[in-house]
Amino acid sequence: MPKLDQHKTWDVVVAGGGPAGFFAAIRCAELNPDLKVLILEKASQTLGKVLISGGGRCNVTHACFEPAQLITYYPRGANALRGAFTRFQPKDTIEWFESRSVKLKTEADGRMFPITDSSATIAECLRESARKAGVEVQLGANLLKVEKSQRGGFRLEVRHEAKLFIIETAKILLATGSDSNTRTIVKALGHSIAEPVPSLFTFNVNDKRIAGLAGVAVENVTLKMGALTQHGPMLITHWGLSGPAVLRLSAWGARELHEMKYRSALTVNWLGDYSMDSALEVLQRSKDWHENARKKISSQPAFSQIPLRLWKQLTYFLGDKNWGDISKVELRKLATELTAGEFKIEGKGQFKEEFVTCGGVHLNEVDFKTMQSRMVADLFFAGEVLDIDGITGGFNFQSSWTTGWLAGNALAGST
Ligand SMILES: Cc1cc2nc3c(=O)[nH]c(=O)nc-3n(C[C@H](O)[C@H](O)[C@H](O)COP(=O)(O)OP(=O)(O)OC[C@H]3O[C@@H](n4cnc5c(N)ncnc54)[C@H](O)[C@@H]3O)c2cc1C
C-alpha cells in the first residue's frame, strides 16, 4: 500500500474508491497514462458497496438500451442523464466488462449480473484494471477539506493513520457517495445540496389482513399513495410489504414519505388492473355460479392471482359464509377490499439487496458532458454524491458507471 506522499503533486485525485471513483480513475489513466492519478479511500478496503450489492451478486446494470426509456427509471436525475446515456449506457457497460473478460447475464426482469453470480468478480475486475492503468489507491485516507490552492489546482487535507496530511492536485473528483462529511466540503466550495433522505425501502405495515403471511407474493398489484401510483409484484414480509411495486413507490415517494415521518395511507389493489366495477362483475358471477352456492367464500377464491391464504384473510369480515349467502352490500364491500384496500404505512424497513440515498449536489451546478462543476474549475463530481438515484434493478450502478466514465474523459483532458 503506498503511503501518502505530501511532496508529490498529483494530476488527479479521486476522493472515494467506489464504482464511480474507480470508473473515472481507470478511464482517465487509460486515456492519459502520463497522468498521476490517486484514489483516496477512507475505509480499509475499496468498493465496499459493490461487494455487498445485489445480495452479494452485484446487479451491475439493466438490459435497457434506449436512453429515453432508461431515464424513466430515475426518480431524480432523469433529465441530466438523458444526454449522458447517449454517451455511455448499459450496452457500453456490458462491453467494458466483457473487454476485461467479465461476462454479464440478463435475468428475466432485465437485471444484469456477472455470470459468476459473485460481486467479487466485479470488484476484482475494477481493482485489477486500476492497477494495470497505474492508478494509485490509498486506503484509510479520509478527505476532510478541499481548498483552491494559490498555485492553481487544489490543496487537500487528508486524515490518514491519525495524522493530518496536506496534498496538492491539479484536478479533483468527488465520488464519495452519500458520505455526510463531503456535504460540508461541497458546500464550502460554493455548491448547494438537495438534503439527503433514504430511497428504496420496504414499508412497515401492521395489519391483521397480512399478519402471518410472510413470503406470500402477488404478481401484479396497484399501489396508490397520495398522487403516486405503482404497479407490479408485491411481497408480504414479517414487518409489512416489500417487492418491486413497494420499492418503486418508496423511491418516487422518498421525499414525501420522509416529510411524513414514514407514516402514510396506502391503497392496495390486489387485482392490479381491475376496477371496482369489473371486480364486482367477477364476484357476482362467482355468487351466481350454482356449484359455488354452498361453498365457503373463504376457501373458494374468485381470482386466481390471489393466493388462498391471502384470500382467506381479505375475506375475514364475511366469516364462514357461503357464496350463495352473500348480500349485494357484502359483495360490494369485498370488491372494495380487493381493489382499494386501505392500509397504513407506519415506518420504513430495509431492503437488504439495494439501498440508495436521494439528494446530493444540485444537478444544475454540474456540466453533464464533463461532470465538471459549473462553479469551480477542475472540480468534478460522479456517482451518488450527485442528486441522482434510480429504482432497484441495476440503475444506480449504471449512473455511477456513466458519470464516472464521463468524468474520466474530462479529467484526462479528452473533452
Ligand atoms: C446493500 C446495498 C446493495 C446495493 N445493491 C445494488 C445493486 O445491486 N445494483 C445497483 O445498481 N445499486 C446497488 N446499490 C446502490 C449502489 O451501491 C450505489 O448507488 C453505488 O455504490 C454508488 O456508487 P458511488 O461510487 O457513487 O458511491 P459509493 O459506492 O458509496 O462509494 C463511495 C466511496 O467513497 C468513500 N468515501 C466517502 N467519503 C470519503 C472521504 N471523505 N474520503 C475518502 N473516501 C471517502 C466511501 O468509503 C466509499 O468507498 C446497493 C447499495 C447498497 C447499500
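Mentor: We will go from the whole protein to the ligand, and then to some single residues.

Trainee: Fine. What kind of model is this, and how are residues numbered?

Mentor: This is a predicted model, where local features need pLDDT of at least 70 and side-chain atom pairs count only at pLDDT 80 or more, while totals for chains, interfaces and linings use all residues. Residues are numbered from 1 along each chain as its sequence is written, and side-chain values use heavy atoms, with hydrogens and water left out.

Trainee: How many helices and strands are there?

Mentor: The protein has 13 helices and 21 strands. Helices (H or I, at least four residues) and strands (E, at least two) are DSSP runs, numbered from the N terminus.

Trainee: And what box do the C-alpha atoms fill?

Mentor: Roughly 90 × 40 × 35 Å, taken along the principal axes.

Trainee: What share of the residues is buried?

Mentor: Of the 415 residues, 54% are buried. Buried means under 20% relative accessible area, exposed means over 50%, and partly exposed is in between (1.4 Å probe, protein chains only).

Trainee: How much area does the protein expose?

Mentor: About 18100 Å², and carbon and sulfur atoms supply 50% of it. Accessible areas come from the Shrake-Rupley method with a 1.4 Å probe; for residues, only the protein chains shown count as cover.

Trainee: Now the ligand. Which residues are closest?

Mentor: The closest are E41, L143, E353, E384 and F397, out of 33 residues that surround the ligand. A residue counts as near a molecule or strand if one of its heavy atoms lies within 4 Å of it.

Trainee: Which elements supply that shell?

Mentor: α1 (19–31), α2, β7 (141–148) and α13 (395–411) each supply at least two residues. α13 gives the most, with four residues.

Trainee: Which polar atoms lie by the ligand's oxygen and nitrogen atoms?

Mentor: A backbone N or O atom of E384 is 2.7 Å from an oxygen atom of the ligand. For K49, a polar side-chain atom lies 3.2 Å from a ligand oxygen. D179 has a side-chain N or O atom 3.3 Å from a nitrogen atom of the ligand.

Trainee: How much of the ligand does the protein bury?

Mentor: The protein buries 93% of the 990 Å² that the ligand exposes when taken alone.

Trainee: Let's switch to single residues. Where is S53, and is it buried or exposed?

Mentor: S53 is in the loop between α2 (48–52) and β3 (61–62). S53 counts as buried because its relative accessible area is 9%.

Trainee: What is S53 in contact with?

Mentor: Leaving aside neighbours within four places in sequence, S53 is in contact with C58, N59, S119, E353 and F397. Contact means heavy atoms within 4.5 Å. E353 and F397 are also among the residues closest to the ligand.

Trainee: You mentioned α13. What about G404?

Mentor: G404 is found in helix α13, and it counts as buried because its relative accessibility is 0%. Apart from neighbours within four places in sequence, G404 is in contact with A20, F23, A24 and A382.

Trainee: Next, H191. Which side chain makes a polar contact with it?

Mentor: The side chain of S373 does, at 2.7 Å. A polar contact is a pair of N or O atoms within 3.5 Å; within protein, one must be able to donate a hydrogen and the other to accept it, and residues adjacent in sequence count only if both atoms are side-chain atoms. H191 is placed in the loop between α7 (180–188) and β10, and it is buried, with a relative accessible area of 4%.

Trainee: Last topic: phi. What is it for A162 and L200?

Mentor: Phi of A162 is near 65 degrees, a positive value in a residue other than glycine. Phi of L200 is near 60 degrees, also positive in a residue other than glycine.

Trainee: Are those two buried or exposed?

Mentor: A162, in the loop between β8 (154–160) and β9 (163–174), is exposed because its relative accessible area is 75%. L200, in the loop between β10 (193–199) and β11 (201–204), counts as buried because its relative accessibility is 0%.
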